[in-house]
Amino acid sequence: MEDIKRKGARSAKDIPASVLEQLNKGEIETANLVEWLAVNQTTLLGNLLKESNRIQYLEPILTDIRNLKKQTVNTINETIGTGILTESILNNDSDILSIMARHKSDVVRCWFAYTIGKNQELKIKAILKEMQFLSADKHFGVREISWLAIRSNIINNLEESLEILLEWTFSEDENIRRFATEATRPRGVWCEHIQKLKQEPELALKILNSLKSDPSKYVQDSVGNWLNDASKTRPDFVKDLCEKWEKQSPTKETLYIIKKALRTIKNNLLYNFDIVFIQ
């Protein structure tokens, strides 16, 4: 897929009507988060199903959306993906999944991620194998949803997932390497926490060590954020690891990761110092 070259609007009201129409028809990708949030997913769904001659799938999925306790961009995204998976199974229709997997619309590809994550017939090894090409998607939104869609699968199969994802850290693709840490962050963003890694971050040590001097800033940020997450429950682990890395791998890449990893610990130290000083 081609990289996005269009510069997106800074606010939803500034999105040109023609661009929004194209987004809702699935003719172009979103250029930024503002556009991604502005897409009318039910309109896009209707257009997808109409163009693929599957309009009969629409009403059951719309019913599921209406029944949501809380309708957000993410819950609707997940519900549509889950609903299409259900319809594809009921109608023995794997073709719709193939259409979605390579669709021009990044939002449609996000729905496809949930058809993988919600497929109860798949074991974690198969789930990760099928998700890998989405983890390498050129669009930021698809990459984020790719790990969100299988977060619960990873949590329920944590040790096996970590072993598989260790292999991903050797990929030539920075997006695939980044998935290994972003998908397993102990806290993460807008997602369920991984309680076991909050208490036992050592379980992911092989992955962290493999990426401690990664040349990609995209990966470095993720590793640093992973460790910063862990520092909120296991500051001892993070401090010890950073001290070890600073001696073993004093590269600019590692030092950048260490700086990001220690930011909460350092802020806490400054905060405690201020309290003592004021007293």
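Student: Let's start with Phe112: is this residue buried or exposed?

Tutor: Happy to start there. Buried means under 20% relative accessible area, and Phe112 has 8% relative accessibility, so Phe112 counts as buried. Keep in mind that this is a predicted model.

Student: And how does Phe133 count?

Tutor: Phe133 has 30% relative accessibility and therefore counts as partly exposed.

Student: How many aromatic pairs does a search of the whole structure find?

Tutor: The search finds two. In one of them, Phe112 and Phe133 sit 6.2 Å apart, centre to centre, with 55 degrees between the planes, a tilted arrangement. Phe112 belongs to helix 7 (residues 106-117) and Phe133 to helix 8 (residues 124-135), so this pair ties together parts that are 21 residues apart in sequence.

Student: What about the rings of Trp168 and Phe179?

Tutor: Planes under 30 degrees apart count as stacked and over 60 as edge-to-face. The planes of Trp168 and Phe179 are at 40 degrees, with ring centres 5.1 Å apart, so this pair is tilted. Because Trp168 lies in helix 11 (residues 158-168) and Phe179 in helix 12, the pair ties together parts that are eleven residues apart in sequence. Both Trp168 and Phe179 are buried.

Student: Which residues line the largest cavity?

Tutor: Phe179 turns up again here, together with Ser135, Arg143, Ser146, Trp147, Asn175, Arg178, Glu182 and Tyr218. The volume of this cavity is about 40 Å³. Helix 12 (174-182) and helix 9 (140-148) each supply at least two lining residues, and helix 12 gives the largest share, four residues.

Conventions:
Residues are numbered from 1 along each chain as its sequence is written. This is a predicted model: local features need pLDDT of at least 70, side-chain atom pairs count only at pLDDT 80 or more; totals for chains, interfaces and linings use all residues. Side-chain values use heavy atoms; hydrogens and water are left out. On a 1 Å grid over the protein atoms alone, a cavity is a set of points where a 1.4 Å probe fits but cannot get out, and a pocket is an open set with protein on both sides within 12 Å along at least five of seven lines; lining residues have an atom within 4 Å of a point. Grid points are joined across faces, edges and corners, and a volume is the space filled by probe spheres set on the points. Rings of Phe, Tyr and Trp (its six-membered ring) pair if their centres lie within 6.5 Å; planes under 30 degrees apart count as stacked, over 60 as edge-to-face and the rest as tilted. Buried means under 20% relative accessible area, exposed over 50%, partly exposed in between (1.4 Å probe, protein chains only).
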